[in-house]
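This report covers selected backbone and secondary-structure features of one model. The account follows the structure shown here.

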Amino acid sequence: MEELNLTSYTNQIAEKLATYKAAGKKAFVSSSFQSHSLPLLHIISRFAPEIPVYFLNTGFHFPETMEFRHVIGDRFGIQIIDVSSPVSKAGQRDGQGKFFFVNNPDHCCYLNKVLPMEPVIAQHDIWINGVRRDQTKFRSTLQEEETMGEGKLRYHPMLDWTSKMIWDYRKEFNLPEHPLEAKGYLSIGCMPCTRSFAENQESREGRWAGMSKEECGIQTEFVKGSSDTKAKQP
Ligand code: SF4
């Protein structure tokens, strides 16, 4: 793809958001509030601040992430809505009393990420998701728009953005940094499943280290035709 500048990429997203709005489509964004998530949230705040931002509050996040999302919400003026699993933490342990993330992280992600996302999707037409092709093998196969059934779409506006573009945008708009980045965390999710760069040398390896797992399920479960990550039943 021909290299376009950040303004061109940003304008393309703004145009797409305007198109959805003109068509009466109801959109939402999901975000994990990592530093690399911020350009998308900032673009939303500039061009479509009425679009709600959903945060999957698994109950296992770092305190720094819980605080950082409030910092970003206040600074960007975006509406952040927490969603949590309908299954209580008491119901998220195996026969040995261990949380499912210990031996069955797919099922833990299903309970804490996939299940709570279902009613959110049901209420909207468009799911705006900031995945990038250069993040995982699965994401490299995605299209800018993916059908989810029932006329719903996932829109991936950042798909062709590179790490450098993310960095350049953050620098241009002086966006803040997730506080754990300075401590060596480059890919930040739930505490039990995240390792710092000092412990793992590749950024995505900072998640589910030592396992073949690369996705939490919300990226794969809801794309029509995908069957990469079906939650294992305990
Ligand atoms: S990332 Fe880990 S703790 Fe979080 S929902 Fe998935 S398995 Fe559970």
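With 23 C-beta neighbours inside 10 Å, phenylalanine 33 counts as buried, because the cut-off for a buried residue is 20 or more. The model is a predicted one. Phenylalanine 33 sits in the loop that links strand 1 (27–30) with helix 2 (38–47). Its phi is positive, near 60°, and the residue is not a glycine.

Most residues other than glycine have a negative phi. Glutamate 150 is another non-glycine residue with a positive phi, about 55°. This glutamate 150 belongs to the loop between strand 5 (145–149) and strand 6 (152–155). Glutamate 150 counts as exposed, since it has 9 C-beta neighbours inside 10 Å and the cut-off for exposed is 12 or fewer.

| Residue | Phi | C-beta neighbours inside 10 Å | Class |
|---|---|---|---|
| Phenylalanine 33 | near 60° | 23 | buried |
| Glutamate 150 | about 55° | 9 | exposed |

A positive phi also occurs at a glycine: glycine 24, which follows helix 1, has a phi near 75°. Helix 1 itself covers residues 6–22, a run of 17 residues. From its first C-alpha to its last, helix 1 reaches 24 Å, close to the 24 Å expected at 1.5 Å a residue.

Turning to strand pairing, strand 2 (residues 53–56) and strand 3 (residues 80–83) run parallel and are joined by four bridges. Between strand 2 and strand 3 the chain passes through helix 3 (residues 63–76), making a right-handed β-α-β crossover.

Notes
Residues are numbered from 1 along each chain as its sequence is written. This is a predicted model: local features need pLDDT of at least 70, side-chain atom pairs count only at pLDDT 80 or more; totals for chains, interfaces and linings use all residues. Helices (H or I, at least four residues) and strands (E, at least two) are DSSP runs, numbered from the N terminus. The expected span of a helix is 1.5 Å times one less than its number of residues. Two strands pair if DSSP finds at least two bridges between them. A crossover is right-handed if, with the strands pointing away from the viewer, the path from the first strand over the helix to the second runs clockwise.
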